[in-house]
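Thank you all for coming; I would like to take a few minutes to walk through one model with you. Please have the sequence and the picture in view while I talk.

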Amino acid sequence: MVKSVRILACSLLLAGSANAQQAGPCPQLPPGSGLQWEAQAQSDFVLCKAATEDGRTVLNLMLTARDPDLVLSRNLRAEKGSFSGESLYWYHPDMGGRDLPGLESRRITTVKLAKNRYAQIWIDAANTGELATLQQLTGNLSDSAMNLAGE
């Protein structure tokens, strides 16, 4: 049975900077990050999209009570990282063997946070420098704003 997502009933919190606002259920972004969340809540997941000041979406985070069941091949494994205190590996996206422009600065991962609590994260950076910055930022985020049903 699909578990539903319950969003904590709280106001939008400001992180001290207009560029580092928290969008409802999304983790708080650090002040000065230059990113702003856009949140889309559905019955069984919350999708958080972080965009730069020029509107480019660079970080996507899906918090869900269902296992995303995303198969990530070990041969596409890249860097180690973390999210909400959990260790993870970042992976190069599987594009069916095609070498597309910009793939060197894109990553995807999933992490099990607890029973019936999962995060799927993908980064679409402009370059490898921005990728490293976003991976570090992700390592400092927490899913504590979420209350997923079925625990």
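This is a predicted model: local features need pLDDT of at least 70, side-chain atom pairs count only at pLDDT 80 or more; totals for chains, interfaces and linings use all residues.

How many disulfides does a search of the whole structure find? The answer is one, where a disulfide is taken as a pair of cysteine sulfur atoms within 2.5 Å. Residues are numbered from 1 along each chain as its sequence is written, and side-chain values use heavy atoms, with hydrogens and water left out.

Let me start with the overall layout. The chain has one helix and nine strands, and these are DSSP runs numbered from the N terminus, with helices being H or I of at least four residues and strands being E of at least two. Read from the N terminus on, the order of elements is β-β-β-β-β-β-β-β-α-β. Of the 151 residues in the chain, 40% are buried; buried means under 20% relative accessible area, exposed means over 50%, and partly exposed lies in between, with a 1.4 Å probe and protein chains only.

Now back to the disulfide, which joins Cys26 to Cys48 with an S to S distance of 2.1 Å. Cys26 lies in the loop between strand 1 (5-7) and strand 2 (36-41), whereas Cys48 belongs to strand 3 (residues 45-51), so the link ties together parts that are 22 residues apart in sequence. The angle about the S-S bond is -100°, and the link of Cys26 and Cys48 is left-handed. Cys26 counts as buried because its relative accessibility is 0%, and Cys48, also at 0%, counts as buried.

The next stop is the hairpin that strand 5 and strand 6 form, with two residues between them. Strand 5 (residues 77-83) and strand 6 pair in the antiparallel sense over five bridges, where pairing requires that DSSP finds at least two bridges between two strands. Phe83 stands opposite Glu86 in strand 6, and in the turn Ser84 has a positive phi of about 50°.

Positive phi values turn up elsewhere too, and I would like to set two residues side by side. Asp69, in the loop between strand 4 (57-64) and strand 5, has a phi near 50°, a positive value in a residue other than glycine. Asn116, in the loop between strand 7 and strand 8 (117-124), likewise has a positive phi, near 60°, and is not glycine. As for accessibility, Asp69 is exposed because its relative accessible area is 62%, whereas Asn116, at 17%, is buried.

Finally, please look at Ser105, which sits in the loop between strand 6 (86-91) and strand 7 (106-114). Is Ser105 buried or exposed? Ser105 counts as buried, because its relative accessibility is 2%. Its side chain reaches the backbone oxygen of Ala125 at 2.8 Å. If we leave aside its neighbours within four places in sequence, Ser105 is in contact, meaning heavy atoms within 4.5 Å, with Ile123, Asp124, Ala125, Ala126, Asn127, Thr128 and Leu131. Across the chain, among contacts between residues at least 6 apart in sequence, 47% join residues at least 24 apart.

Definitions and conventions:
A polar contact is a pair of N or O atoms within 3.5 Å; within protein, one must be able to donate a hydrogen and the other to accept it, and residues adjacent in sequence count only if both atoms are side-chain atoms.
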